[in-house]
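Reader: Hi! Could you walk me through this model before I set anything up?

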Amino acid sequence: LAQGLLTLRSSAFVIALVLVFSPLEDLKTAFACHHFGAMAVTPEYVNMLAAPTDGFLCPLSANVYNVDFTAFKIRALDETQEYTLFEVRKEPGEELPLTDDLDDSVRTIRYHFGPSFLDWPTIGTTLEFTNGEYPLHNFRMIERHYYRDILIRSYDFSMPFVIPNTTNTWEVIYMMPELDPAVREGIINCPWETRSDSFYFVNDQLIMHNKAEYNYSEAEA
């Protein structure tokens, strides 16, 4: 599995603080662990998944911390410079209320990168997000990438603490794995059959689950 390097820059950065927020106790009482079948959806569980999930493992309403992704950039890196491959930012007022009657398309995205993307040994991403009135303890992101039912890479990043009501930038560096030639050929020739699940946990409780599909062919199918 590839390894990643994580750095965090926050509008209000805290190092090794242990704080007690009385409203958090009410939040813990209101928050129920989500289960998939008879098994709790834990970081250990999602790290054992051998294929993309058929659906989402938590409802939109699980995001009781009001984490909102406001901007995202993907860039390719080499020794001297970087190249922006994808960038998106929410417009002010574009936020949707997180209700469970929203269509699942609001947490699914498609990327068309083309075959040259697979040649980059290092990819960087920048994720901007805001959060609500509660602090985030052990905010953890686990990404699982598959070609069909083959796990091609998995990443696991975490930040110890995020202050309430802040705007934050989460920067991640991905070291891309060397692909088996047959798998690489299949990824290029079979658009949208490469998929990923991104799971977000706070204190090992699943609060968000997003999906992505990828097209690495020359033409946009």
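Author: Happy to; here is a short tour of the model, taken topic by topic.

Reader: Great. What should I know about the model and its numbering?

Author: This is a predicted model, where local features need pLDDT of at least 70, side-chain atom pairs count only at pLDDT 80 or more, and totals for chains, interfaces and linings use all residues. Residues are numbered from 1 along each chain as its sequence is written, and side-chain values use heavy atoms, leaving out hydrogens and water.

Reader: What does the protein average in pLDDT?

Author: The average is 84, and 80% of the residues score at least 70. Here pLDDT is the predictor's confidence in each residue, from 0 to 100.

Reader: And where does pLDDT stay under 50?

Author: Over residues 1-33, for which the model has 55 contacts beyond four places in sequence. Contact means heavy atoms within 4.5 Å.

Reader: Thanks. How many helices and strands are there?

Author: Three helices and twelve strands. They are DSSP runs numbered from the N terminus: helices are H or I with at least four residues, strands are E with at least two.

Reader: How much of the protein counts as buried?

Author: Of its 221 residues, 47% do. Buried means under 20% relative accessible area, exposed over 50%, and partly exposed in between, with a 1.4 Å probe and protein chains only. As for contacts between residues at least 6 apart in sequence, 76% of them join residues at least 24 apart.

Reader: Pockets next, please! What volume does the largest pocket have?

Author: About 1,300 Å³. On a 1 Å grid over the protein atoms alone, a pocket is an open set of points with protein on both sides within 12 Å along at least five of seven lines, whereas a cavity is a set where a 1.4 Å probe fits but cannot get out. Grid points are joined across faces, edges and corners, and the volume is the space filled by probe spheres set on the points.

Reader: Which residues lie nearest its centre?

Author: Phe69, Val106, Ile109, Leu127 and Asn210, out of 50 residues that line the largest pocket. A lining residue has an atom within 4 Å of a point.

Reader: Which strand gives the most to that lining, and what is its make-up by class?

Author: Strand E12, residues 205-215, gives the most, with seven residues. By class, the lining has 31 nonpolar, ten polar and nine charged residues. Ala, Val, Leu, Ile, Met, Phe, Trp, Tyr, Cys and Pro count as nonpolar, Asp, Glu, Lys and Arg as charged, and the others, Gly among them, as polar.

Reader: Nice. Is Ser196 buried or exposed?

Author: Ser196 is buried, because its relative accessible area is 3%. It lies in strand E11, residues 194-202, and its side chain makes a polar contact of 2.8 Å with the side chain of Tyr214. A polar contact is a pair of N or O atoms within 3.5 Å; within protein, one must be able to donate a hydrogen and the other to accept it, and residues adjacent in sequence count only if both atoms are side-chain atoms.

Reader: What else is Ser196 in contact with, leaving aside neighbours within four places?

Author: Its partners include Arg144, His145, Asn210, Lys211 and Ala212.

Reader: And Tyr111, where is that found?

Author: Tyr111 is in strand E6, residues 108-112, and counts as buried at 8% relative accessibility. Its C-alpha atom is separated by 7.5 Å from that of Ala212, 101 residues apart along the chain. Beyond four places in sequence, Tyr111 is in contact with residues including Phe72, Trp192, Ala212 and Tyr214.

Reader: You mentioned Trp192. What is its phi?

Author: Trp192 has a positive phi of about 70° although it is not a glycine. Most residues other than glycine have a negative phi. Trp192 lies in the loop between helix H3 (181-189) and E11, and counts as buried at 11% relative accessibility. Asn203 also has a positive phi, of about 50°; it is found in the loop between E11 and E12 and is partly exposed at 41%.

Reader: Last one: what does the side chain of Asp78 reach?

Author: The backbone nitrogen of Thr80, at 2.9 Å. The Asp78 side chain also makes a polar contact with the side chain of Tyr83, at 3.5 Å. Asp78 sits in the loop between strand E4 (68-77) and strand E5 (82-89), and at 35% relative accessibility it counts as partly exposed.
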